[in-house]
Amino acid sequence: MKITYLGHSAVLVEASSHNILFDPFLTGNPVATAKASEVPADAILLTHGHGDHIGDTVDIAKRTGATVVTVFELAAWLANQGVRTHGLHLGGAHEFEFGRVKLTLAFHGSGIETPDGIIYGGNPAGILFQAEGKTIYHAGDTALFGDMKIIGELNDIDVALLPIGDNFTMGPDDAVLAAKWLRAKKVIPIHYNTFGLIAQDVNAYVHALEGVGITGVPLGIGESLTI
Ligand code: NI
Ligand code: MN
């Protein structure tokens with residue numbers, strides 16, 4: 001399974017001969033180099049309704065025919081935009097052709113920004129994705145929360161994608177605790193350095209992870225980790 005970092009929280013996972021996109025915010029993303037008009041997708045997994053996560057979802061889904069998997073309320077809104085969707089809800093899992101998706105808790109907001117104001121997008125989520133015997137946990141945007149210990153007890157997490165940017169999500173100190181509680185084998189830091197407000201020293205974070213025996217893998221834009 002190959003995990004490619006597209007910048008911010010956007011990740012492309014190639015598994016079981018499918019391309020699975022997470023939170024594809026590319027257009028208007030100051031660090032992204034992948035183009036919404038070119039990126040492959042058989043499925044799009046969305047953690048929540050904020051613009052820096054929905055991103056190009058509607059355009060990519062329409063171009064590729066990808067099914068968008070996310071929380072029910074956000075799925076319903078996207079279906080109204082003419083996109084094929086599959087709604088789940090927190091704690092629910094479903095086995096897809098491309099792998100198994102389970103939504104977990106995330107402590108954050110999920111309002112959808114529209115020209116008419118912010119509308120309700122349901123709960124924000126984290127995503128557990130399993131395929132080819134591997135488990136990836138994409139935390140979405142979240143604060144640190146104690147139930148990460150339970151997620152770690154119940155799942156053998158090969159790679160956790162954890163936000164470290166602070167301000168809107170966990171900062172680096174909390175993200176070290178998160179990695180420890182999740183018992184993640186490897187951590188790919190996300191949601192940092194996209195813009196000044198969430199600038200972080202990723203090497204300091206990786207060093208702090210080493211201190212608790214966890215391998216940090218800070219991917220540059222377009223770089224991949226194969227597990
Ligand atoms: Ni957010
Ligand atoms: Mn965000």
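Trainee: At about what angle to S13 does helix H5 (residues 172-182) run?

Mentor: Helices (H or I, at least four residues) and strands (E, at least two) are DSSP runs, numbered from the N terminus. Helix H5 lies across strand S12 (134-138), S13 and S14, where contact means heavy atoms within 4.5 Å. Axes are lines fitted to C-alpha atoms, for helices over the stretch in contact, with angles from 0 to 180 degrees between N-to-C directions. Relative to S13, helix H5 runs at about 155°.

Trainee: What pLDDT do local features need?

Mentor: Residues are numbered from 1 along each chain as its sequence is written, while chains are lettered from A and ligands numbered from 1 in the order in which they are written. Side-chain values use heavy atoms, leaving out hydrogens and water; in this predicted model, totals for chains, interfaces and linings use all residues, side-chain atom pairs count only at pLDDT 80 or more, and local features need at least 70.

Trainee: Which residue in S14 stands opposite Pro 163?

Mentor: Strand S13 (residues 159-163) runs parallel to strand S14 (residues 186-190), and five bridges join them; two strands pair if DSSP finds at least two bridges between them. Opposite Pro 163 stands Ile 190.

Trainee: Which residue bridges the manganese ion (ligand 2) and the nickel ion (ligand 1)?

Mentor: The manganese ion is coordinated by Asp 52, His 53, Asp 141 and His 191, donors being N, O and S atoms within 2.8 Å of the metal (3.2 Å for Na, K and Ca). The two ions lie 3.2 Å apart, bridged by Asp 141.
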